[in-house]
Amino acid sequence: MKAIIALSILAVLNMFFGVRKMKKVLLPLIFIGLIITMILNISDWGKSVHYFNEMFIADNFSIAFSSVLILIGILIFMFANIYYKGVERPLEDIYALILFAIIGGIVMASFGNLILFFVGLETLSISFYVLAGSKKFDIASNEAAMKYFLTGSFATGFLLFGIALVYGVSGSFNLEAINTYILGCNGNVPMIFIAGMLLIFIGMSFKIAAVPFHFWSPDVYTGSPTLITAFMTTAGKVASIAAFYRLITIAFISLHSELTTTLTVIAVLTIIVGNLSAVYQDNLKRMFAYSGVAQSGYLLMALIVLGPKSAGILLFFVLSYVIATITAFAVLMLIREERGTFFIPAFRGLAKNNPVEAFAMAIAMMSLAGIPPLAGFMAKYNLFVLTAEGGYTWLVVVAVIGSMISIYFYFKPILASYFSEGEPQHKIESSVNFKINILVLSILMILLGFLPQVIINLL
Amino acid sequence: MIFSKYLFFILSFIAIYAALKVLISKKPMHSVLYLTLTFFAIGGHYILLNAQFLAVVHIIVYAGAIMVLFIYTVMLLNLNIQGEFPKSRLAKFASAIAGGILLFTLIAVFRSYDLKVLADPSLNQIGLVKNLGKILFQDYYLPFELSSILFLAAMVGAVMLGKKDIY
Amino acid sequence: MDGTYILYKFILASAILLISLLVAMYSTLLERKVAAFFQDRLGPNRAGIFGIFQPLADGLKLFFKEEFMPGDADKFLYILGPSLTMMIALLTSAVIPWGNSLVIGGAEYSLQVADVNVGVLYVFAILSIGVYGIMIGGWASNNKYALIGAVRAASQMISYELAMSMTIIAIVMMSGSLSLKDMVEQQHGMNWNVWYQPLGFLIFLVCAFAECNRSPFDLPECETELIGGYHTEYSSMKLGFYLFAEYINMFISSAMIATLFFGGYNFPFMDDLHLSHNVITIIGSLVFFVKIAFFVFFFMWVRWTLPRFRYDQLMRLGWKSLLPLAIVNMIITGLVIMIKHHL
């Protein structure tokens, strides 16, 4: 709650300074604000405060995921000045929209009521629609915004219809009350309730880009400005999966055993289709879109087997995914700036001239692929163990096969930068700051790989 | 009241007929106007449920603001070209099946549930201004306030997209 | 719901409809007379004494004009436009309290057709859909001047609606009710809202001009730029409907101003006269009509005194002056109410 208030004030202040054309103040202000927000957010740890009539529940789960979202904000703003290097304008509106999206995400991670959930989801989505089209004279960006908006609002329609049906039958928007209603039915839940719940699931599957509701994601993620793509893939996924987890574990927990079939089918399809499609991509941004689809599949696996540790594992998975993705996108941004392309050949000879960038990229890609001993490996390992313990061995087999396929495409840029033959391309100038940033992130990925229990045992 | 029962059927008929015409009409302008008619019919349903405040606000917001802007856009863009979007036969077939299944499921689901009947909807007090205000500012205070952030985001976005800078 | 009740409502509604039409009819004559007065002319004086049959003559003329429809017009919408304008203009009169109640044979008959408990919002709903008639007509004519006129009308009405509603919110905050009847009751005697809300009254007045598309805000039908604006392609009685609806709107707007800010049917010293309830009601209704007549005259006075605004000036006035002022007015009202509440 404090985090939301702090972020709203920050966004408004940021716009105020932006209107006054004080470009130099903006980024430091946002950094200080985000760090204060992080502290305020963590200050509620362990208290499990319920705000406003069970509307907003700041339990450890929501605080952890909110912190990840704020961390995403910090990382994105870290690379904002690199992406928007030549822009004269203070860009306060884009920054404000990113902050608004984070607010929406925090709401999605901490709601206790379906109405609040919907408001948070819309805040996140509307900011995303606009951000996707923020490169206004680029036709790909326009296309991305339009496609995202049309399909996204359609999915929102499904979600809202689902909420309406669930409310109509159970008579409450409160998650606990819905669970009480299900328990009161004694296993005889009306079909209309199930229909509503499935419609909500369709909406959520769209938001995390799970197959078969993933068709928007390649075009949207390719067309959007790269910094925004990095933000959307991470923040969107974290917020949506947190909301999905809350919905399943609080409201629909009593129906969980009947839901697993649906979730398993979606997860399997998502892993297979995402990984297989990513193999054929030469455009790295598009490849990231498809690999993001595959990662959603892994995230869904955490919802299928619910154990005492599944929240912690989900958090760890999300954290490793966020750090690796943002690092990779940071390097990608730099290369696109210099070489003007997202295709693999742009990475040729990167290791010779820019060892730091090549190293960070390699670590990020290996973490995403799940190579030991990096963070991504430990995340996948814990997740697979959890799933296997729940009795879904064949699902684990599918997931492992998916991971093996993913090694092929995740290694493409690494191979290009380290082992490619032919003339290496010229050196890319980058600031010391940037190098330190990506190095720190790479070290973080390695460290997390050694200490996964620290994060997992948080929840 | 037998009278309001007939009103219900008349309003429902208008709402569904107009909603269908929104899809069928060839001219975008007609579609928009039929959509407005649908909103009016739904506003009538609110009045039957004694939710006068909701009814009036529904008309003000949807018919008075949103649809006017819609018409505005249609008028300015002059979308009067009688063109069909190129759709493959397969896509039409698939969408018909998918939509049909959804419709079928929903109808089946609604039939399977015995909906509770309100004794007299005209005695319903929840849609009056006082009750609605109390609920909004007590139970649903947080979503109400947070929607201001939602609107601010939408407004900032609209202004941003309207500017002429590259970013 | 017995027969008397239905009969009484029917008679009341028809009476109000007739009065609205009659007042609008004679407003046209008044307009010409006022214009003549301001321009030092005589004005129409041939049809009847002082030209009192002039509106009838005008109406007859319009009826006998050639019906004309542009070839490429959307037939249905072309006819729908003026009809809708006329209908919507007449709808508002249902919730305006034209007078207090009459007591006949022990039964009380209110002089208000429907005391809706969201009366003010009902008026706004009607206002906000009022633009449909103009937009449909302007678009269906398939003429660029008409289209531009319609677009102008739409954006003008949407812009000024906002400031108008904000002032109304201040009044609603004071009265604590959305019913127009309650609002009028609270302004008993000389306790009129205009003393408490002078700024709100000014904003409302300016917005009412813009909502009625009256000069100095009559850009949708600005002859010098747009020939005739949205009704360029209309002739005969369809044109008559558009023109007539404008006068009805003016009448209704004046009635709203009188109701919201000038105490409606209340007049000073109404308790000191010691007359019977029915007599007070009748005097009150007459006073109400005098107030309305004054504002109708004021509308015309402004029209023949002030020049027309430029379009960007109009938008700037609406968004950058009136809307912030209305918000400030609302905040001050809220603060005062809060302070009074805590004292």
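Let me begin with the conventions. Residues are numbered from 1 along each chain as its sequence is written, while chains are lettered from A and ligands numbered from 1 in the order in which they are written. The model is predicted: local features need pLDDT of at least 70, side-chain atom pairs count only at pLDDT 80 or more, and totals for chains, interfaces and linings use all residues.

I turn to chain B. Chain B has six helices and zero strands, where helices (H or I, at least four residues) and strands (E, at least two) are DSSP runs, numbered from the N terminus. Read from the N terminus on, its elements run α-α-α-α-α-α. How much of chain B is buried? Buried residues make up 23% of its 167 residues. A residue is buried if 20 or more other C-beta atoms lie within 10 Å of its own, exposed if 12 or fewer, and partly exposed in between, with the C-beta atoms placed from the backbone.

Chain B is divided into domain 1 (2-82 + 92-127) and domain 2 (128-167), with bounds that come from an automatic or database domain assignment. The centres of these two domains of chain B, taken over C-alpha atoms, are separated by 24 Å. Their contact takes five residues from domain 1 of chain B and four residues from domain 2 of chain B; two residues are in contact if their C-beta atoms, placed from the backbone, lie within 7 Å. On the side of domain 1 of chain B that touches domain 2, there are two nonpolar, three polar and no charged residues. In this classification, Ala, Val, Leu, Ile, Met, Phe, Trp, Tyr, Cys and Pro count as nonpolar, Asp, Glu, Lys and Arg as charged, and the others, Gly among them, as polar.

Next, the chains together. Which chains share the most contacts? Of the two pairs of chains in contact, it is chains A and B. There, 25 residues of chain B are in contact with 34 residues of chain A. The largest share of the side of chain B that touches chain A, 14 residues, comes from H6(B). That side of chain B divides into 19 nonpolar, four polar and two charged residues.

With chain C, 17 residues of chain B are in contact with 18 residues of chain C. Helix H3 (residues 52-77) of chain B gives the most to this side of chain B, with 14 residues. The side of chain B that touches chain C has 15 nonpolar, two polar and no charged residues. Chain A and chain C do not touch, and their nearest C-alpha atoms are 17 Å apart.

Now to the interior. A nonpolar core is a set of buried Ala, Val, Leu, Ile, Met, Phe, Trp, Tyr and Cys residues joined through C-beta atoms within 7 Å. The largest such core has 191 residues, and those with the most contacts inside it are A:Leu69, A:Val238 and A:Phe317. Helix H14 (residues 310-339) of chain A gives the most to this core, with 21 residues. Not counting residues up to four places away in sequence, A:Phe317 touches A:Tyr298, A:Leu299, A:Ala302, A:Ala379 and A:Leu383. A second, separate core of 113 residues includes B:Phe39, C:Ala89, C:Leu226 and C:Phe244.

Consider also helix H3 (residues 60-78) of chain A. In H3(A), 15 of the 19 residues are buried, so this helix is largely enclosed by the rest of the structure.

I close with some backbone details of chain A. Most residues other than glycine have a negative phi, and most peptide bonds are trans. The peptide bond from A:Val211 to A:Pro212, however, is cis, with omega near 5°. A:Pro212 is found in the loop between helix H9 (191-207) and helix H10 (216-223) of chain A. The loop between H9 and H10 of chain A also holds A:Ala209, whose phi is near 60°, a positive value in a residue other than glycine. Is A:Ala209 buried or exposed? A:Ala209 is buried, because 28 other C-beta atoms lie within 10 Å.

Finally, A:Leu91 has a positive phi of about 60° although it is not a glycine, and A:Leu91 counts as buried, with 21 C-beta neighbours inside 10 Å.
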